[in-house]
Amino acid sequence: MSSLRVSDFTTLPGPRYIVEGPFSGELFRDQRLDPAFRVAFEHQIKLEVNLDGMQFGYPASFLEESFGGLTRAWTKVGHQPASISEEEVWDRLVIVSNDQPSLIERVRRYVLDANKRKRRQVN
Amino acid sequence: MSNLWTAIATGIAFGLGWVARSYFINPVIPATVVFQALIAIGVAWLIHSALRRNAELSKVPIAAADTACERINELTNECLAKPNGTLGNDPELVLMLRRLDNEVSWLCLVATTLGCKSSANDMLRNSYEELYDAASLDKVIDHSRCLPAGQRVRARTLRLQWEISELTLKGAGNASRLRGAIHKLTD
């Protein structure tokens with residue numbers, strides 16, 4: 001299993017998009033989460049993401065853009081190296097959150113509902 | 001309860017006086033009868049003590065639930081009081097939501113351990129998640145969604161508080177289960 005700690009990126013998660021401010025969910029996904037997920041996928045192993053160590057907590061926008069955005073990218077038709085389902089994205093992730101255990105279910109919800117959110121944004 | 005206490009104390013004093021008069025001063029009642037009366041008083045005392053002990057111990061989980069509910073209401077109000085335009089990733093708001101999450105989790109743990117229906121727990125958890133998303137999913141806090149979500153949090157908290165009180169008062173076994181769960185958490 002490969003692993004990733006959000007606290008190595010920041011202990012003060014920012015807004016959703018890069019244009020909105022520093023340490024955004026979009027930046028975390030592009031720089032850390034997606035590359036790590038790609039490596040885990042290629043080696044057919046799981047990716048452990050540790051959410052502990054934040055000074056205040058996570059805004060929903062950061063988590064949704066990180067994990068929901070990852071899912072939207074990987075479920076898109078034609079995505080390279082593969083297009084997979086929301087459940088497959090979730091199955092490859094192992095979320096660790098000892099500081100706030102409820103985050104695990106929250107991330108799961110963002111992953112499984114990622115494309116429902118995309119449809120709301122389009123409308 | 002204090003009236004019962006007074007009544008029992010009076011009864012004991014009367015009984016002792018009766019024993020003194022009947023057995024020592026003017027023994028017209030057989031000793032066995034007096035002895036049986038004393039045994040009856042003793043048994044009544046033990047039953048009263050056990051009931052009182054259970055009543056006192058039952059206050060512990062109810063008080064714990066009361067404290068959690070009070071904090072949930074306070075934190076919900078603080079979130080709703082945030083001005084329009086507050087950023088969704090505002091550190092104070094995010095911390096408040098995290099503290100609220102902790103209190104909701106604690107209340108749900110107490111409720112589950114005491115045997116509350118899982119639907120009541122799930123409903124409270126769902127309304128918290130609604131409030132969390134309404135407050136911090138977008139760039140700024142969305143009060144149009146926060147206000148109804150906050151109302152649901154408060155209503156479902158009250159419902160759970162009621163269930164906890166009912167279950168606690170139903171039997172000492174429920175309170176003991178919670179005690180066991182707390183020991184596991186703290187060991």
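Me: In this predicted model, which residues is A:V49 in contact with, leaving aside its neighbours within four places in sequence?
Reply: The model is a predicted one, and the contacts of A:V49 described here leave aside its neighbours within four places in sequence. With those set apart, the residues in contact with A:V49 are A:L4, A:V6, A:L33, A:F67, A:L93, A:V94, A:I95 and A:V96.

Me: Which residues have the most contacts inside the largest nonpolar core, and which element gives the most to this core?
Reply: The largest nonpolar core has 63 residues, and those with the most contacts inside it are A:V49 and A:F67. As for the elements that supply this core, the one giving the most, with ten residues, is helix 3 of chain B.

Me: Is B:L124 buried or exposed?
Reply: B:L124 lies in helix 4 of chain B, where, not counting residues up to four places away in sequence, it touches B:V104, B:L107, B:C108, B:V153, B:R156, B:T157 and B:L160. Because its relative accessibility is 0%, and the cut-off for this class is under 20%, B:L124 counts as buried.

Me: How many Å apart in space are B:L124 and B:R52, C-alpha to C-alpha?
Reply: In sequence, B:L124 and B:R52 are 72 residues apart. In space, taken from C-alpha to C-alpha, the separation of B:L124 and B:R52 is 33 Å.

Me: How much area do chain B and chain A bury between them, and which residues of chain B lose the most area to chain A?
Reply: The contact draws 16 residues from chain B and 22 residues from chain A. Between them the two chains bury about 1500 Å², with 48% of it on carbon and sulfur atoms. On the side of chain B, 38% of what is buried comes together from the residues that lose the most area to chain A, namely B:R98, B:Y132 and B:L137.

Me: How many salt bridges are counted between chain B and chain A, and what is the distance between the closest N and O atoms of B:E129 and A:R106?
Reply: Between chain B and chain A there are 14 residue pairs in polar contact, both residues being at pLDDT 80 or more. The count of salt bridges between these chains is four. B:E129 forms a salt bridge with A:R106, in which the closest N and O atoms are apart by 2.8 Å.

Me: Which element gives the most to the side of chain B that touches chain A?
Reply: By class, that side of chain B has six nonpolar, three polar and seven charged residues. The elements that give two or more residues to it are helix 3 (91–114) and helix 4 (118–136) of chain B. The element that gives the most, with six residues, is helix 4 of chain B.

Notes. Residues numbered from 1 in each chain as written. Chains lettered and ligands numbered in written order. Predicted model: local features only at pLDDT ≥ 70, side-chain atom pairs only at ≥ 80, totals over all residues. Heavy atoms only, no water. Contact = heavy atoms within 4.5 Å. Buried area = accessible area lost by both parts, 1.4 Å probe. Salt bridge = Lys/Arg side-chain N within 4 Å of Asp/Glu carboxyl O. Polar contact = N/O pair within 3.5 Å; in protein donor to acceptor, adjacent residues only side chain to side chain. Helix = DSSP H or I, 4+ residues; strand = E, 2+ residues; numbered from the N terminus. Nonpolar A, V, L, I, M, F, W, Y, C, P; charged D, E, K, R; others polar. Buried < 20%, exposed > 50% of the residue type's maximum accessible area, 1.4 Å probe, protein only. Core = buried A, V, L, I, M, F, W, Y, C linked by side-chain atoms within 4.5 Å.
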